[in-house]
Amino acid sequence: METPHQILTLPNGLRVVHRYVDSPVAHCGLIINVGSRDENDNEQGMAHFIEHVLFKGTKKRKAYHILSRLEDVGGELNAYTGKEETILHASVLERHLPRAIELLFEIAFQSVMPEKEVNKERDVINDEISSYLDSPSELIFDDFEDLLFSGHPIGRNILGTPESLAEIDRSRLMDWMQKHYSPERMVFSIVGRFDFADVKKWIDKYASDLPTGDPRYHRRPINEYKTTYQFENKETYQTHAIIGNRGYGLHHADLSAMILLNNLLGGPGMNSRLNLNIREKYGFAYNIESFYTPYTDTGTFGVYVGTDKGTIDRSLRLIHRELRLLREKKLGVVQLKKAKQQLLGQIALSQENNASSMIGQGRTLLHYNKIDTFEEIAERIESVTSDAILRVANEAFDPDQLSTLVYKAR
């Protein structure tokens with residue numbers, strides 16, 4: 001039986017969630033409701049820049065001592081930035097969880113960002129950007145989102161540009177962090193074998209007096225969508241392409257149907273429709289997949305393929321054929337049942353990874369202010385009908401709403 005989640009909300013707005021797992025390793029993380037979407041036009045790369053310099057010094061510790069604090073006891077400390085979230089997380093032996101909690105709150109609220117370290121890290125991020133530009137199979141995903149949300153910060157590359165980073169200094173980083181890093185926009189998530197009373201004690205010690213932020217902050221609404229076909233010549237061995245559309249947001253009534261449909265079309269299973277009919281049958285592509293990324297009020301859907309320049313046109317026609325079949329032909333009872341069983345099995349297996357589960361429960365509480373059990377998730381998926389799948393396919397795969405981005409090998 002699944003262990004229930006225990007949830008606490010502090011007077012300062014910080015939410016805390018804990019799930020008991022019988023393991024000697026504990027995982028904890030601070031999930032922050034801020035990302036590159038929250039940057040103004042002159043702040044591109046700010047959220048990711050801050051994630052880098054958080055580890056470069058606090059009021060109590062220098063960079064070396066921050067890194068050594070958990071690594072000295074065999075633990076791990078890491079972070080990453082998304083379009084709408086920044087996540088700081090740690091994994092340690094259970095007896096070292098209090099020091100991990102202390103350190104995460106310390107770097108989130110007491111970072112000093114020394115000017116010397118800021119300048120050094122700017123160079124590091126510029127190298128990261130250069131490395132990214134050398135990977136067209138990765139770059140095309142961000143460029144496609146920029147195509148879908150042209151002119152809106154949610155479409156921009158998280159890393160920023162060398163030009164935008166050159167304009168960001170310590171003072172601007174500190175001001176931006178003070179504006180956005182506040183407890184009411186955070187969830188602290190823990191997975192491990194602890195009594196909730198002990199969790200409350202540690203959280204109260206390190207987080208009860210955190211400064212609150214500005215509750216008046218609101219994100220910029222999503223802009224109008226226009227379909228686009230963009231073709232670029234690239235110095236690559238493979239041709240890369242994405243066909244897609246804007247998708248449903250996290251609170252859409254057909255979210256479960258969209259997730260199920262995407263998994264059936266081109267999810268991680270080798271028996272996905274795209275894999276069977278383009279890779280296995282024709283041998284056109286080593287990499288072919290569909291993806292669906294929901295954000296709070298919108299989302300991204302797409303089909304990616306990497307193939308030889310001589311087979312790209314046929315590959316794109318076959319992709320459109322699979323999308324058309326899902327728009328025109330309702331799933332049979334057996335097909336729908338298999339699709340549901342596959343997705344539920346994948347979800348169950350993913351929950352066996354305690355580190356991922358810790359982040360997942362934190363993100364869920366952040367966006368929904370509750371956490372469903374596996375049984376409740378399964379009930380939602382089981383309730384999806386073939387009529388709903390057909391309706392969603394006709395909305396998401398509408399040929400008049402599909403944009404295309406192609407990087408063609410020279």
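**Helices and strands**

Modeller: Happy to! The crossing of helix 12 and helix 14 is right-handed. Keep in mind that this is a predicted model.

Biologist: Which residues of helix 12 and helix 14 make the contact?

Modeller: Helix 12 brings Lys340, Leu343, Leu344, Ile347 and Ala348, while helix 14 brings Phe374, Ile377, Ala378, Ile381 and Glu382. By class, the residues of this contact are eight nonpolar, no polar and two charged.

Biologist: And at what angle do the axes of helix 12 and helix 14 cross?

Modeller: Roughly 160°, with the axes coming within 10 Å. Helix 12 covers residues 333–350 and helix 14 covers residues 374–382. Angles over 145 degrees count as roughly antiparallel, so helix 12 and helix 14 are roughly antiparallel to each other.

Biologist: Which residues point which way from strand 10?

Modeller: Gly299, Phe301, Val303, Val305 and Thr307 point one way, and Thr300, Gly302, Tyr304 and Gly306 point the other way; all are buried.

Biologist: What does strand 9 do with strand 10?

Modeller: Strand 9 (residues 285–294) runs antiparallel to strand 10, joined by nine bridges. Ile288 stands opposite Val305 of strand 10. A hairpin of four residues links strand 9 to strand 10.

Biologist: How many bridges pair strand 8 with strand 10?

Modeller: Nine, in the antiparallel sense, with strand 8 spanning residues 239–247. Arg246 has Thr300 of strand 10 as its bridge partner.

Note on methods: Residues numbered from 1 in each chain as written. Predicted model: local features only at pLDDT ≥ 70, side-chain atom pairs only at ≥ 80, totals over all residues. Heavy atoms only, no water. Axes fitted to C-alpha atoms, helices over the stretch in contact; angles between N-to-C directions. Helix = DSSP H or I, 4+ residues; strand = E, 2+ residues; numbered from the N terminus. Parallel < 35°, antiparallel > 145°, perpendicular 65-115°, else oblique. Left-handed = near helix turned anticlockwise from the far one by under 90°. Contact = heavy atoms within 4.5 Å. Nonpolar A, V, L, I, M, F, W, Y, C, P; charged D, E, K, R; others polar. Buried < 20%, exposed > 50% of the residue type's maximum accessible area, 1.4 Å probe, protein only. Pairing = 2+ DSSP bridges.
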